[in-house]
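Colleague: I have this model open and would like to go through it with you. Can we start with the helix packing and then move on?

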Amino acid sequence: MKKLYNVLVVAMVAALVLTACGNVGTQADNLLDDIKQRGYIMVSTDPNYEPQSFLNTDGKRSADTKCPSDALTTAEMQGFDVDVAKAVGEGLGVETCFATPDWDVITAGNWADKWDVSIGSMTVTTARQQILDFSVPYYYTPAVVAVRADAGIGSLADLEGQALCVGTSTTYEFWLNGDTEGLGLPEASIYAQAPNVTVVPLPTDQECAQAIAAGREDFVGYVTSQTVVNANIAAGFPVVQLGSPVYSEDLAAAFDKSSTLPTDTLRAEVDKIFTAMHSDGRLSELSNNWLGEDLTQAPN
Amino acid sequence: MSEIANTETGTQKTHAQQLHEAQLQKKRQFQANVSLTWLILFLLLLLIFSSYEIKSSNGTTEFSLWQYETVVIDGKEALKKTRSVISTIPFGLPDEGITLKTILVDRDFVKENFSFIAGGLYWTVRVSLFSIILATILALLAALARLSTFPPFYALSTFYVSLIRGTPLYLQILFFFLALPQLNVRMTGEMAGVLALGLNYGAYMSEIFRAGIASVGKGQREAAIAIGMTPAQTMKRVVLPQALRFAIPPVGNDFIAMTKDSALVAATGFVHELTWNAQKVGRSQFRSLEALIIAAIFYWIMTIILTYIQGIIESRLAKGDR
């Protein structure tokens, strides 16, 4: 019996070591070549936000797509981020496919090569720069505080001691918590200090807006991007933007630092595509189409 | 005596028959009442989400319907909640009276997105089905190993159950999806999800099987051994069939819970099941409630089907009781 026990333990250890050593060979020695070889780029985005990124529920997947069956194709997605991702795919001469993990899984890095790049309105912050590499920004959004229209709040100072809602793992949460290091924005792009409030984090910004629209009074308002607030107001939500933007965010494509294949050539190529799209006005056009204004010019 | 009466008239029934029929009648009546109450409860549920309002005040009663309507404010289109009166009756409560409100559901949204959200059913059923199969196998193995007198088997079983029950399902899914690639074990989102769900529910269900096995009397085993069965034969022919009957209701319970936990697999980004479809459409169009109600309808239907199947299996295994 004891002998059998030893054999079993040895077998278990051997199995573990073997799995650890097993190697999946790829021919390419950087991510860009790998993408070109397989013919598609896997972009992660979070389709919770109209008009940046949302599902096209009428979209029919084309029959000759190269995308894996469990990924979404450009036909099934729409929005500003989606069109930018499409343009990146076209610039690289490959098809664009979408993975749609939870937002906090994207911002946490360590993507295990499941997707190549995030094009999902991610704000460049120093904290994120420790685990992710960023492209040049492709647009800039002002972050604003929105409050219930009938709350009688006229300035940031009125918010003292009240409760505000934010989407979890967003830069808005960092800002509200006074975590300027986590926020990691240059001082020039922070226009206001967060008031002393109780922070209520919900899964996404959209839950904050919907909670207010539903008549819940757990918080007087929420912090999000101006584009989201505009969309909320357009949907008939009883909210108003409180004063001017509190800070400005640079939004860029992100790459995983822990990627097995080096991402530097891909990053350089994406930078080139964004720079070209900035100068020939393609980004401004997309921004005007989807966001109703040109948010692609860097604020001073 | 009654037998004679029976042959004489041909209609007279024996006392036993009468009793039996009375029992059947009672059973039918009970069933009918249960169905009726179900119907009433169901209609009440529909009413709660019907968007109707009944207001009875100042001697009149008003029936009205709440709806979302597109209005133009400052040149911009916006959705607004509006109330339109359907009919008014000139009788009602005096003064303030009573207002009965129901929950406003955006019917246009439901109509437009119903089939898209329903598309997630494919993934939900697929992931649940694979996980259920895996969980059942693992649970049975873990329960048998737990009864083993061979220390490694016993340890393996208790370690597995302890580790898996002691950690969150969400972490387990992300472990298979994002951590294992470091060991060059690459899985699709679905594979990671099925493995995690199967392992997780297998651990919980192994306790059910163990309890089932333990519920079989010691005498049964002794009798089996006494007539010359090997321990394996005893387990297969005597203990497991009886244990299974005991285990079916709680196992069915776990399967039902699993169909809803399958939604967690969507975190990987590659499994677009019911809840995921509902959340994404709902959030971007600010109709999370409506979207999740659509998903809920399908979960409920799945649960009803699973309950029905469980009932069939239960009554089949219960035949041994007679």
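Predicted model: local features only at pLDDT ≥ 70, side-chain atom pairs only at ≥ 80, totals over all residues.

Colleague: Which residues make the contact?

Modeller: On α7(B) they include B:L197, B:Y201, B:Y204, B:M205, B:I208 and B:F209. On α9(B), B:V239, B:A243, B:L244, B:F246 and B:A247 are among them. The residues of this contact of α7(B) with α9(B) comprise 15 nonpolar, two polar and two charged.

Colleague: Staying in chain B, where does B:I309 sit?

Modeller: In helix α11 (residues 288–317) of chain B.

Colleague: Buried or exposed, B:I309?

Modeller: Exposed: B:I309 has 12 other C-beta atoms within 10 Å, and a residue is called exposed at 12 or fewer. B:I309 is also 35 Å from B:S51, C-alpha to C-alpha, and 258 residues from B:S51 in sequence.

Colleague: Switching to chain A. What is its overall make-up?

Modeller: Chain A has eleven helices and eleven strands. Its C-alpha trace spans about 75 × 60 × 40 Å along the principal axes. Of its 300 residues, 47% count as buried. Taking contacts in chain A between residues at least 6 apart in sequence, 78% link residues at least 24 apart.

Colleague: How many strands are in the open sheet, and in what order?

Modeller: Nine strands of chain A, in the order β3-β5-β1-β6-β11-β7-β10-β8-β9, with mixed pairing. The edges are β3 (72–73) and β9 (198–202) of chain A; each has a single partner strand, so one side of each lacks a neighbour in the sheet.

Colleague: What about β3(A) and its pairing with β5(A)?

Modeller: β3(A) and β5(A) are antiparallel and share two bridges. A:L72 has A:F98 in β5(A) as its bridge partner.

Colleague: And β1(A), what does it pair with?

Modeller: Strand β1(A) runs parallel to strand β5 (residues 95–99) of chain A, joined by five bridges. A:V43 is opposite A:F98 in that pairing. Two bridges link β1(A) to strand β6 (residues 117–123) of chain A, also in parallel, and A:S44 stands opposite A:S118 there.

Colleague: Why is β1(A) described as largely enclosed?

Modeller: Because five of the five residues of β1(A) (residues 40–44) are buried. Both faces are covered, with A:Y40, A:M42 and A:S44 buried on one side and A:I41 and A:V43 buried on the other.

Colleague: Which helices lie across the sheet strands?

Modeller: One is α3 (residues 80–92) of chain A, which lies across β1, β5, β6 and β7 (132–148) at about 140° to β6(A). Another is α10 (residues 264–279) of chain A, across β6, β7 and β11 (239–256), running at about 60° to β7(A).

Colleague: Last topic, the interface. How many residues of each chain are in contact?

Modeller: 33 residues of chain A touch 30 residues of chain B. The elements of chain A that give two or more residues to its side are α1 (2–21), β2 (54–55) and α8 (205–213).

Colleague: And what kinds of residue are on the chain A side?

Modeller: There are 17 nonpolar, twelve polar and four charged residues on the side of chain A that touches chain B.

Key: Residues numbered from 1 in each chain as written. Chains lettered and ligands numbered in written order. Contact = placed C-beta atoms within 7 Å. Helix = DSSP H or I, 4+ residues; strand = E, 2+ residues; numbered from the N terminus. Nonpolar A, V, L, I, M, F, W, Y, C, P; charged D, E, K, R; others polar. Buried ≥ 20, exposed ≤ 12 C-beta atoms within 10 Å, placed from the backbone. Pairing = 2+ DSSP bridges. Axes fitted to C-alpha atoms, helices over the stretch in contact; angles between N-to-C directions.
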